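Q: I have a model open and want to learn how to read its features one by one. Where do we start?

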Amino acid sequence: MQSSEQAKPLPYNDPARWDKMVTAYEAQSQPFTTLFADAAVATLPIGPSSRVLDVATGTGAAALAAARTGAAVTAIDFSAGMVARVRAHGLQNIEARQMDGQALDLPDAAFDAAVSVFGVMLFPDWRAGLREMARVTRPGGTVAIAVWKSADGAAVHLLLSQIIRRLYPDNVTPMPCRGLAELADPGRFAAAVIAAGFTDPVIAEITHDFKLDVANPGDVDKLFEFMPHWSGLDADKSAAVARAFHAEIDSRRVGNSFAIPSTALIATAQRH
């Protein structure tokens with residue numbers, strides 16, 4: 001996927017980086033994102049006769065939820081590793097394909113519904129991603145799009161950013177994924193959905209706890225490397241932020257689990 005806004009691919013926009021994360025993502029993130037994927041898919045009026053597109057499927061949380069309704073699901077992702085993992089489920093009503101969500105290799109009006117759970121918001125050209133979802137959804141069809149209600153995202157990203165902002169506010173730069181900030185506002189989110197070609201968006205807010213396994217502090221620290229705010233810190237500041245993060249964990253952990261409340265916005269709308 002080529003970025004129109006960045007000269008160098010960010011970790012979020014590098015399919016090879018996601019290829020390496022498949023196992024860890026499925027273990028750590030999918031149990032959490034499934035809660036939101038189930039909520040998003042539940043807003044879609046789909047069943048055994050429906051054709052559904054899942055954009056930026058990841059390890060397939062939304063695709064699996066849609067498939068359980070009996071719908072025929074096409075799940076796309078730019079990461080070959082993620083696509084292979086979805087295929088490995090072996091479900092006959094899920095077709096997983098490697099594809100750029102900003103330029104779908106799919107015909108117009110091919111789907112009754114489309115869904116994207118924390119995917120389009122990370123695209124370099126997220127507006128193109130929304131327009132493409134509209135293009136391939138039939139008139140009268142439905143879309144469900146989930147984004148985070150914070151420019152800092154959710155889970156470990158969210159807590160780490162809050163700590164860095166508290167300790168070193170001058171080191172916090174705008175998130176490079178501009179869709180995160182733009183779509184985190186309900187009003188702007190609704191306007192973007194309308195501009196893409198949908199009508200009458202309804203924005204719902206939903207919160208779940210991300211339950212971080214803190215049995216091994218070293219495993220927690222490895223998660224920091226994927227976060228833009230972290231990469232801008234020198235060694236001394238990184239150490240101070242890590243200490244503050246672990247102190248937060250120690251003060252609120254329950255056994256080996258640490259809960260981070262995270263809120264998403266889910267937009268449901270119809271195609272013109």
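**Reading a buried residue**

A: At 0% relative accessibility, M133 counts as buried. The cut-off for buried is under 20%. Keep in mind that this is a predicted model.

Q: Where does M133 sit?

A: M133 is found in helix α6, residues 126-136.

Q: Which residues does M133 touch, leaving out those up to four places away in sequence?

A: Contact here means heavy atoms within 4.5 Å. By that rule M133 touches V55, L104, A114, V115, S116, V120, V143, I145 and F198. For a C-alpha distance, take M133 and A103: they are 30 residues apart along the chain, and their C-alpha atoms are separated by 9.7 Å.

Q: Next, aromatic rings. How many aromatic pairs are there?

A: Ring centres must lie within 6.5 Å to pair. The count comes to 9 aromatic pairs. Take F32 and F36: their ring centres are 5.2 Å apart and their planes stand at 85 degrees, so the pair is edge-to-face.

Q: Are F32 and F36 buried or exposed?

A: F32 is buried, with a relative accessible area of 6%. F36 is buried too, at 0%.

Q: What about the pair F32 and F210?

A: Their ring centres are 5.1 Å apart and the planes are at 75 degrees, so this pair is edge-to-face. F32 lies in helix α3 and F210 in strand β6, residues 198-213, so the pair ties together parts that are 178 residues apart in sequence. F210 counts as buried, at 5% relative accessibility.

Q: Which residues do ring pairs link into a cluster?

A: The cluster holds F32, F36, F118, W148 and F210.

Q: Which residues of α3 are buried?

A: They are Q30, F32, T33, F36, A37, A40 and V41.

Q: What does the span check give for α12?

A: Helix α12 covers residues 235-252, 18 residues in total. It should span 26 Å, and its end C-alpha atoms are 26 Å apart, which agrees.

Q: Which residues of α12 are buried, and what do they pack against?

A: The buried residues are S238, A240, V241, A242, A244, F245, H246 and I249. They pack against α7 (155-167), β6, α10 (217-222), α11 (228-231) and β7 (257-271).

Q: Which residue caps the N-terminal end of α12?

A: D234 does. A side-chain oxygen of D234 lies 3.2 Å from the backbone nitrogen of D236.

Q: What does the side chain of D112 reach, and with which side chain does it make a polar contact?

A: Polar contacts are N or O pairs within 3.5 Å. The D112 side chain reaches the backbone nitrogen of R51 at 2.8 Å. It also makes a polar contact with the side chain of R138, at 2.7 Å. Leaving out residues up to four places away in sequence, D112 touches S49, S50, R51, T137, R138, G141 and T142.

Terms used:
Residues numbered from 1 in each chain as written. Predicted model: local features only at pLDDT ≥ 70, side-chain atom pairs only at ≥ 80, totals over all residues. Heavy atoms only, no water. Phe/Tyr/Trp six-rings, centres within 6.5 Å; stacked < 30°, edge-to-face > 60°. Buried < 20%, exposed > 50% of the residue type's maximum accessible area, 1.4 Å probe, protein only. Helix = DSSP H or I, 4+ residues; strand = E, 2+ residues; numbered from the N terminus. Expected span 1.5 Å × (residues − 1). Polar contact = N/O pair within 3.5 Å; in protein donor to acceptor, adjacent residues only side chain to side chain.
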